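Hi,

Here is the structure I promised to pass on. Have a look, and then read my notes below.

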Amino acid sequence: MDIPIDFDRITRLFATAHKEGRNFLYEYEVYQLLACSGAETPPKNHLLTRGERFSDEQLTALPGEKSVLKIVSPAIIHKTEVGGVRIVEKDANKIRSTVRRMFYEVPEDYAAWIRDQDMAGPYRGLTGKALVTAVARDIKGVLLVQYMPPDSQAFGNELIVGLRHTREFGTILSAGLGGTDTELYAGRFRKGQAIVAASTAMEDGPGFFQLFRQTISYQKLAGLTRGQRRIVTDEQIMECFESFVRIGNFYSRANPGAPFIVEELEINPFAFTDYLMVPLDGLCRFSLPEKPLGQRPVAKIDHLLHPKSIGIIGVSATRKNFGRTILDNILAEGFPKDQVVVFKENMDAIDGVQCLASLSSLAESRISRLDLFVVAVGASQVPDLVEEVIQRDAARSVMLIPGGMGETKDSQERARQVVARIHAAHEQGDGGPVFLGANCMGVISKPGQYDTWFIPDEKLPKVTKKGYHRSALISQSGAFMLHRSHQCPFLSPAYMISMGNQTDLTLGDMVWYFKDCDQVDVIAVYAEGFNDLDGLAFCRAVQGAVLAGKEVVFYKAGRTPEGKAATGSHTASLAGDYMVCESCVSQAGAIVARSFTEFQELMLLAETLSRKTIQGNRLAAVSGAGFEAVGMADSIQSDDFSLELARCEDTTWQAVAQVLESKGLSALVTLSNPLDINPAADDQVHAQICEILAEDPHVDAVILSLDPLSPAMKTLDTTEIAAFDMHEDNSIRHLMADLVRKTSTPIVTVVDGGRLYDPLRDALLAANVPVFQVCDQAVAALALYIQGRLRADAIRSNAGLIT
């Protein structure tokens, strides 16, 4: 796309403003920036300053029958509310008188307006005449602007386009319904209808345009609503987005050569006159670039997850403290004792594990350099210990278990010292060790044969089964991961990693490692906040994982103002704007969960269905209970997902009818989707009909409710009645396990009953048959999963990996 952007002239605009002590551009300078960015029609304008005399010719030089007068002040953003925008006839005297009134009336009106708001910024603490004087002093002048009448004043005919630098995701482009009520639209319309957003580093102009096409704004501008005509071309909108993307990427912290950083660039609104995009107002704030941090040696994550040797400090010889429990758990997983060392003075061994007095003794031992060093001492000892590990090059990776490393005000200085020392080490030699934590529960690595969780076996009994799924659970909160693993032992990921405060290694680093890990097909992530620009690194890693054929499930805490405050105190993280986070992560290809329960459900589906074929969102639903059939039909649509009820072929219904007839059920069942097969349907009827539907070419997935309370079903674990016994060869348990094993179509089951039917659920899950307790939850989770899978396929297709 050929867009002539003059970055040299734009940079000079920023440099001039910076030289004047400003970190912002005035509105007339924003129009100059737009003129340098390839925009077609920035309005002609002229700045009128206080006390300057202007001739009639100067005041009436702009084209048109009217003129627009706009107050110019760095503080007055919402000009309309305080009389800062006025349209007058193009008459020299009327322009003069209006300008003079504005110089006096606007400061008074703005002072009254901010008194009614939560006053902040440069005028905090000022009242009365002092406030009005301060506002007047900051007024640069009045901008005389060419009046370009819009084609229509109807709702939806104004467009907002903006760039915003975010701490976590870098530069974000957003666009949608513009005008003075844009915030109202964003809050009132369904998600993605009023405003869309994306990372400029992850989307180009045409790609962002495809997102924008889903909005009400595009529907109105393109004349797709009743009584509306098109007022702008798709090509104009696309070029505008592409220009903003390029400016955002050039003046971004993610660009090491950026001369300035655009913190915010917003045009609100663009109006439309005879197929011209006309900016009617604009603002821009900028800053200076900062020195980037050194790169973390993330390849050493392999030593963290698959260590050949482990050292621990903080182990008690007499009681079960955290360090001792960690040692017990490491050995219980089968890690070789002769490759473990405990650092403790005046001890030769603990539980047969060699003890060394200090890190200085390591060089003379059989393990000269540790792959993994687990630190389970008090937070006050951590800074000196980190210094010693780095100085002695004692370990390739370090796990910092203790809290008190930035979660509270009192511990923030200690955390800053540790972070600064780690970053300094990364800039030297081989980059020094990588650090996990602090304030973390550590790692369970089934392939690495170790467990550093400090939960005693009495509180979290070890699962005796040897198998595990090809998945990784990465959680910023160790407690979240602990509770999920206890509630859902069937998930059983190969790796469980507690990130803690992300003092060094980040969520982005860990997903970057697993995108290339041949032990993992599914990556599940619980996040509370990202380090600077790590949200962008995380999204790039997610996209890399998706392109590698993997599935990523994601949950972000801190979605409300209250939630953000809680995460800030929990793991010393500042949560970012949830809308931006959800947009960027989902566009990268992750499946985004909306609740804790949904997170574990989506992880279950990813673990059990990742190798199944999904070609669309057409659902076949079957139940022996009428309320479930209705409930599943009611659950296929929401603001976040959409399924279609499959239209099966006639031959499919004929085959279903034959099964029903063979069991004497034909008179009791109406052939439709969802299909209510009646409580009299037995195990074979359920399984056979499910298989028939799964083979229909118009069916992309099947949900089968097993109606466990039906007397016709074999669903009980302990019973003397063979007709109820789930261990019988022809029980639904065995039939579904066989069917799921051989079919490529995703099949999800529902067992809606009490704890009596937990053994049936457990047996199905053990056979990799996904099970839900309630049918509407099954529909919602499957819909989100299918939607995520189809989005991932589209990403691979666009990258040329799918033909």
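At what angle do helix α21 and helix α22 pack, and how far apart are their axes? Before the answer, two points on the source. This is a predicted model, where local features need pLDDT of at least 70, side-chain atom pairs count only at pLDDT 80 or more, and totals for chains, interfaces and linings use all residues. Residues are numbered from 1 along each chain as its sequence is written, and side-chain values use heavy atoms, with hydrogens and water left out.

Now the helices (DSSP runs of H or I, at least four residues, numbered from the N terminus, as are strands, E, at least two). α21 (residues 650–662) and α22 (residues 683–695) pack at about 170°, their axes 9 Å apart; axes are lines fitted to C-alpha atoms over the stretch in contact, and angles run from 0 to 180 degrees between N-to-C directions. So α21 is roughly antiparallel to α22 (angles over 145 degrees count as that). On the α21 side, the contact (heavy atoms within 4.5 Å) is made by Thr 652, Ala 655, Val 656, Val 659 and Leu 660. α22 brings in Val 685, Gln 688, Ile 689, Ile 692 and Leu 693. Eight of these residues are nonpolar, two are polar and none is charged (Ala, Val, Leu, Ile, Met, Phe, Trp, Tyr, Cys and Pro count as nonpolar, Asp, Glu, Lys and Arg as charged, the others as polar).

There is also a cavity (points on a 1 Å grid over the protein atoms alone where a 1.4 Å probe fits but cannot get out; lining residues have an atom within 4 Å of a point). Residues lining the largest cavity include Lys 550, Glu 551 and Arg 789. Its lining takes three residues, the largest share, from α25.

Cheers

Key: Parallel < 35°, antiparallel > 145°, perpendicular 65-115°, else oblique. 1 Å grid on protein atoms, 1.4 Å probe; cavity = no way out; pocket = protein on both sides within 12 Å on 5 of 7 lines; lining within 4 Å.
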